[in-house]
Amino acid sequence: MSFGEFAVLRDISLSVGAGEIVGVLGPNGAGKTTYMNILTGALRPTTGTVHLLGEDVTKLDTAQRCHRGLAQTHQVPKPFSGMTVFENVLVAVNHGRGVPAHDPISVAWTVLEVTGLAHVANRPAETLGLLDRKRLELSRALGTDPKVLLLDEIGGGLTDAEGDALVGLIRTIHASGVTIVWVEHIMRLLLEGCSRLVCMAEGKVLADGDPHTVVNSQQVQVAYFGASA
Amino acid sequence: MTSLIINALLLAGYYAVLATGLAFMYSVMNIINLAHGALIVLAGYGLYVLGNDLNLPFPVAIAIMMAAMFLLGVVLHRAVLARAYGGGELLPLLATFGISIVLDNLMFQTFGADNISLAPLVGDLSWASFELPGAIFVGKISVYILATAIVVIGLVELLLRRTALGHRIQATSQDRATAALLGIDTGRTAAIATGIALATGVVAAAALGLRSAWGPYGGSAILLFAFEAVVIGGTGSLWRVLAGAIVLAFAQSLGALVHPQGFLIGGHLAFLVAVFVRLRGGRFSLARLFGKEARA
């Protein structure tokens, strides 16, 4: 992937198996966000392809990929203002599913019960605190009935306790059969939440494998912590 | 005095009808549609052709024109607005300005310079009036226009707040990237929204043609009144457009009271006061007016 002359990503090849929960780690400028935007279709890759559930989706736009089972949460939660929490999720249920829900309202309720927002369902979305906004991001993503869920730095700005609560929720979602790719700055959360870790730097994959092995590898220590080789 | 208040209120209903489509386009698409007036005039000619030349009943003509203008809105979005979107704030302005010039001159070429009214299509309704206690007469058509304004704004608000399509339109207008992530076809949604905005213009055209007459270049005057009503009221909710229209109509009526030629000046003064108050910031700032953060 290049912006003009500047190649942000090169030779990235990452395949995630069904049911995995993979953390993606990397310093600023490693290309994590660009990579994620290519997966969702917000950016078109200069070369290369994106496959979702065995289908080549490189030419499909974001909404079409959503209908085929791909969802993403934003780093900075962006609830739709002027709508309630419930209505925010209802938008996702109504429009994000490949197969329309028979009863969108009860589906939206079920999602809010899973994510723990049922008690604030009728509040205006913009009045939520940060943790609940992140829960709402997850709720909207779940509303689209995803097979693969991309999390973009969802742990940022949370206290440790809030972070733990979020990891618990993400594990619950993963346990329900959703494949998760989780881009994150906060290594602690990835180590707690993920079964596989990928470390990126300067547009390349540095290491890929068991979380603790990856974190302790020499290359990752150099790239991420600046430790001398 | 009572009749002045009543007449100003009825005039406000007319301005609200004119301004609804403009406000809807801005709040939903972030586009200030400078062709708004010309498109209303175009819808007026459509009503005239259907009602006068083809002898269709007036309600049927309105229904047909609403469908036609909806389709035109979809085409307009696909052909022009979607391409202008994302090219900065000036591009949609220039594009719609260009459309208005093309439309003005096409209509001049097609229909000539004569002023046209729709009043003959509805028989005596155009001059019939209700008599209120105190020997105050109010034109029936003006009362119907005010009622229609309230119904149209109510329906559009209901659509936006309560239906799946409305939520989809709101989501698209607030954040296209997020809307797309939730499976919304944002291009299609924006095209439908443009169609709805233009369809409301048919109601405005009917009101225009029944109250008075128009010529091929009448669009700019409509745009001016609509724009003033929107800026005075703000666009957070379409009810604010009605409020703005009421302020505008009262200012014009007061102006006319002060001096026979003070009608327009009164309205312009109210508009300027609104702009200056909003420029000062705070509760009535421009950012609040447009219901979103100010852009540098």
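In chain A, residues 24 or more positions apart account for 65% of the contacts with a separation of 6 or more, two residues being in contact if their C-beta atoms, placed from the backbone, lie within 7 Å. The structure is a predicted model, in which local features need pLDDT of at least 70, side-chain atom pairs count only at pLDDT 80 or more, and totals for chains, interfaces and linings use all residues. Residues are numbered from 1 along each chain as its sequence is written, and chains are lettered from A and ligands numbered from 1 in the order in which they are written.

Chain A contains nine helices and ten strands; helices (H or I, at least four residues) and strands (E, at least two) are DSSP runs, numbered from the N terminus. Of its 229 residues, 43% count as buried, that is, 20 or more other C-beta atoms lie within 10 Å of their own C-beta atom, as placed from the backbone.

Strand β7 (residues 148-152) of chain A has five of its five residues buried, so it is largely enclosed by the rest of the structure. Both faces are covered, with A:V148, A:L150 and A:D152 buried on one side and A:L149 and A:L151 on the other. Strand β6 (residues 70-73) of chain A pairs with β7(A) in the parallel sense over four bridges, pairing requiring at least two DSSP bridges between the strands. Within this pairing, A:L149 is the bridge partner of A:A71. Strand β8 (residues 179-183) of chain A also runs parallel to β7(A), and five bridges join them; here A:T179 is the bridge partner of A:V148.

The contact between the chains takes 25 residues from chain A and 15 residues from chain B. On the side of chain B that touches chain A, α6 (164-174) and α7 (176-181) each supply at least two residues, and α6(B) gives the most, with six residues.

The largest nonpolar core has 86 residues, of which B:Y15, B:A16, B:A19, B:A229 and B:A245 touch the most other members. Such a core is a set of buried Ala, Val, Leu, Ile, Met, Phe, Trp, Tyr and Cys residues joined through C-beta atoms within 7 Å. Helix α1(B) gives the most to this core, with 16 residues. Apart from it lies another core, of 65 residues, among them A:Y35, A:A108, A:A201 and B:L181.

Note on methods. A residue is buried if 20 or more other C-beta atoms lie within 10 Å of its own, exposed if 12 or fewer, and partly exposed in between; C-beta atoms are placed from the backbone.
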